Amino acid sequence: MLRAFEAARQAGAEIPELVCYEKQTDWGGQWNYSWRTGLDGYGEPVPSSMYRNLWSNGPKEGLEFADYSFDEHFGRPVSSYPPREVLWDYIAGRVEKSDVRKYIRFETAVRWVSYDADTEQFSVTSQTLPTAADSTETFDYVVVASGHFSYPNFPTFAGIETFPGMLTHAHDFRGAEGLKDQDVLVIGSSYSAEDIGSQAYKMGARSVTASYRTQPMGYQWPDGFSERPGIERFDGNTVHFIDGSTKDVDAVIVCTGYLHKYAYLPEDLGLRSPNNVYPDGLYRGVVWNDNPKLFYVGAQDQWFTFNMFDAQAWYVRDLILGRSAMPDRSERDASIAEWRKRFVALADAADEIRFQGDYVQDLVNLTDYPQFDVDGVVEIFLAWKNDKAADIMGYRDYTYTSVMTGTRSIPHHTRWMDELDDSLERYLQTSG
Ligand SMILES: Cc1cc2nc3c(=O)[nH]c(=O)nc-3n(C[C@H](O)[C@H](O)[C@H](O)COP(=O)(O)OP(=O)(O)OC[C@H]3O[C@@H](n4cnc5c(N)ncnc54)[C@H](O)[C@@H]3O)c2cc1C
Ligand SMILES: NC(=O)c1ccc[n+]([C@@H]2O[C@H](COP(=O)([O-])OP(=O)(O)OC[C@H]3O[C@@H](n4cnc5c(N)ncnc54)[C@H](OP(=O)(O)O)[C@@H]3O)[C@@H](O)[C@H]2O)c1
């Protein structure tokens with residue numbers, strides 16, 4: 001969002017006063033790894049759900065910024081699936097270049113936002129964490145960009161209180177090294193279950209069992225990795241599944257996703273939605289329909305990520321600057337209804353990817369964000385799905401071509417399965 005405004009300012013536009021509140025000590029959001037779990041040093045909930053040894057689960061060619069390529073950042077081709085520190089470096093490189101740090105108040109948590117219909121302004125109460133100093137400021141617009149993968153959806157299971165081993169939600173999982181020689185259960189059948197299960201396998205777990213509620217992931221898992229249906233109950237170390245089978249496990253990682261939770265927003269401004277690609281109540285996926293001076297960026301479930309957030313931010317910026325007109329309520333309602341109709345008809349992941357591609361293209365067409373080959377990115381995601389189906393433990397060794405620069409990525413010097421060092425320094429080595 002800051003980058004969008006700064007791009008306009010550098011092109012000669014007058015931009016409004018900007019304040020960005022960030023409760024962590026640095027930028028990067030999820031990519032700003034914290035070893036802490038639960039609460040941070042100020043007693044604030046830790047936002048990041050990332051772990052040591054997390055590598056991108058989609059090819060970097062799918063998320064590349066249209067105005068800052070990987071070639072520009074690294075000066076040479078790199079592989080398609082970078083580890084977390086490398087992607088953090090890429091994100092940081094762009095914002096450093098565009099000089100937006102000056103707008104950010106770090107270590108400042110937003111506590112409450114309210115809207116005054118008479119003045120048509122928001123009051124934002126924040127707290128500077130090191131000093132505990134409170135302040136309340138007024139704004140014409142508020143953009144909610146605080147993420148939605150930070151507050152665990154943590155269901156209960158019959159008998160779980162009798163389980164004596166390590167029990168954690170994916171949000172608090174920080175690494176699989178301790179799972180060596182253990183029998184591990186992951187609950188869920190989406191990205192966290194897939195990736196944390198794979199991490200456990202990579203780090204030498206004796207067995208990995210994944211329990212699905214609706215449908216299995218269905219990959220060709222290696223020996224020792226299997227899928228089971230839902231859990232009937234726990235009885236100490238023994239897990240009873242609804243098909244009557246049982247499994248004794250040492251560790252349980254609950255990978256059941258996250259809640260849209262905005263503790264600083266009142267009921268009439270806070271999005272409540274399942275994690276999906278078109279949450280209801282958001283015009284063009286970003287404008288809070290009940291109060292179009294409030295915006296959300298990144299509130300969708302995500303196939304596209306960084307470049308979609310850009311497309312959203314550029315559009316929100318243009319609405320705020322008055323470059324794009326805010327449609328009236330009936331037009332917004334009709335647009336939401338049309339996209340939601342398409343959304344509920346989506347049959348599978350490939351449909352979702354194409355749908356999100358259309359959504360991104362729609363936004364890019366409305367602004368001066370650099371046009372890029374969105375259909376080409378859709379094709380990359382579809383190829384990635386096939387590559388995972390063919391080789392779930394080896395797909396991160398595959399390479400793709402950037403639609404931004406035409407650069408073909410190079411294979412990483414070491415197979416993902418054998419690479420235990422996820423540092424930037426190691427990643428940039430030219431041989432293993
Ligand atoms: C485990 C995990 C792995 C992922 N891996 C990938 C991947 O490989 N590739 C990919 O493209 N995407 C991945 N994603 C998706 C991820 O959501 C995006 O890449 C991206 O980080 C989302 O950015 P965001 O700014 O919307 O939210 P976040 O990254 O969550 O950032 C939100 C920021 O808001 C701050 N904040 C929250 N509340 C407050 C408050 N009250 N006051 C002040 N500041 C506040 C937080 O401190 C944080 O810095 C992953 C997500 C998770 C959870
Ligand atoms: N390496 C990486 O890059 C990496 C690693 C991990 C996560 N991520 C990212 O993190 C984000 C979140 O992914 P996520 O997998 O945590 O969440 P998610 O995609 O929202 O999936 C939640 C999963 O939990 C299951 N579930 C929910 N409630 C349940 C219950 N009561 N009992 C059993 N199962 C239940 C869901 O099953 P149903 O199908 O039945 O609803 C679904 O399988 C994604 O953007 C993902 O890409 C990335």
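Reader: At what angle do α6 and helix α8 (residues 349-366) pack, and how far apart are their axes?

Author: In this predicted model, α6 and helix α8 (residues 349-366) pack at an angle of about 40°, and their axes are 9 Å apart. An axis is a line fitted to C-alpha atoms, for helices over the stretch in contact, and angles run from 0 to 180 degrees between N-to-C directions. Helices (H or I, at least four residues) are DSSP runs numbered from the N terminus, as are strands (E, at least two).

Reader: Why is α6 called oblique to α8?

Author: Angles under 35 degrees count as roughly parallel, over 145 as roughly antiparallel, 65 to 115 as roughly perpendicular and the rest as oblique. The angle of about 40° belongs to the rest, so α6 is oblique to α8.

Reader: Which residues in α6 meet which in α8?

Author: N307, M308, A311, Q312 and Y315 in α6 meet V360, L363, V364 and L366 in α8, contact being C-beta atoms, placed from the backbone, within 7 Å. By class, this contact has seven nonpolar, two polar and no charged residues. Ala, Val, Leu, Ile, Met, Phe, Trp, Tyr, Cys and Pro count as nonpolar, Asp, Glu, Lys and Arg as charged, and the others, Gly among them, as polar.

Reader: What makes α1 and α6 oblique to each other?

Author: The axes of helix α1 (residues 2-10) and helix α6 (residues 306-321) come within 8 Å and cross at roughly 60°. That value also falls under the rest, and α1 and α6 are therefore oblique. Their crossing is right-handed. A4, F5 and A8 of α1 touch A313, W314, R317 and L321 of α6. Six of these residues are nonpolar, none is polar and one is charged.

Reader: Why are α8 and α9 called roughly antiparallel?

Author: α8 and helix α9 (residues 374-390) pack at about 160°, with axes 9 Å apart. The angle is over 145, and α8 and α9 are therefore roughly antiparallel. The crossing of α8 and α9 is right-handed. Among the residues of α8 in this contact are A349, I353 and V360, and those of α9 include V374, F381 and K385. The contact has ten nonpolar, two polar and three charged residues.

Reader: How is the protein chain divided into domains?

Author: Domain 1 covers 2-150 + 258-384, and domain 2 covers 160-254, with bounds from an automatic or database domain assignment. The centres of the two, taken over C-alpha atoms, are separated by 32 Å. Eight residues of domain 1 are in contact with nine residues of domain 2.

Reader: Which residues are closest to ligand 1?

Author: They are G29, G147, F149, G298 and T305, out of 25 that surround ligand 1. The shell has ten nonpolar, 13 polar and two charged residues.

Terms used. Residues numbered from 1 in each chain as written. Chains lettered and ligands numbered in written order. Predicted model: local features only at pLDDT ≥ 70, side-chain atom pairs only at ≥ 80, totals over all residues. Near = placed C-beta within 6 Å. Contact = placed C-beta atoms within 7 Å. Left-handed = near helix turned anticlockwise from the far one by under 90°.
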